Amino acid sequence: MQLQWAGEEYILEELNDEVNGLKKTGISYSTEVMYWTGYVYRYWHYYTGECSHEIYKTADAETMNERWPGFHTFDVEMAIDDLKEIYTLKCNKKNHL
């Protein structure tokens, strides 16, 4: 049995050709924001042990995009702690309404 590996870019290009163009939907974020977000999410898991679903519920893509201008300069643990605190404050505010 021979294993063959194809990178995600190649696979997406092939799929794009096969369906005569993939539809673009949703919001697009900058490469810098996406790189930082991915790094923070991965570090977050190792730092807290939380699963991806819980991390994304706490800080979704929109939140990460909004917070990137200031937070990307923070120590990653500080950014995570602040993101968790913001989420907690939002939840508490909703419960008081």
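Modeller: A nonpolar core is a set of buried Ala, Val, Leu, Ile, Met, Phe, Trp, Tyr and Cys residues joined through side-chain atoms within 4.5 Å, where buried means under 20% relative accessible area, exposed over 50% and partly exposed in between, with a 1.4 Å probe and protein chains only. The model is predicted, so local features need pLDDT of at least 70 and side-chain atom pairs count only at pLDDT 80 or more, whereas totals for chains, interfaces and linings use all residues. Residues are numbered from 1 along each chain as its sequence is written, and side-chain values use heavy atoms, with hydrogens and water left out.

Biologist: Which residues form the largest nonpolar core here?

Modeller: In soluble globular proteins, nonpolar side chains tend to be buried together. Here the largest nonpolar core has 12 residues, namely Trp36, Val40, Tyr41, Trp44, Ile55, Ala59, Met64, Phe71, Val76, Ala79, Ile80 and Leu83. Two or more residues of this core come from each of α2, α4 (61-71) and α5 (76-96), helices being DSSP runs of H or I with at least four residues, numbered from the N terminus.

Biologist: With which residues is Tyr41 in contact, leaving aside its neighbours within four places in sequence?

Modeller: Contact means heavy atoms within 4.5 Å, and on that basis Tyr41 touches Ile55, Tyr56, Ala59, Asp60, Ala61 and Met64.

Biologist: How many disulfides does a search of the whole structure find?

Modeller: A disulfide is a pair of cysteine sulfur atoms within 2.5 Å, and the search finds 0. Cys51 is in no disulfide, the nearest cysteine sulfur being that of Cys91, 15 Å away. Cys51 is partly exposed at 41% relative accessibility, and Cys91 is partly exposed at 26%.
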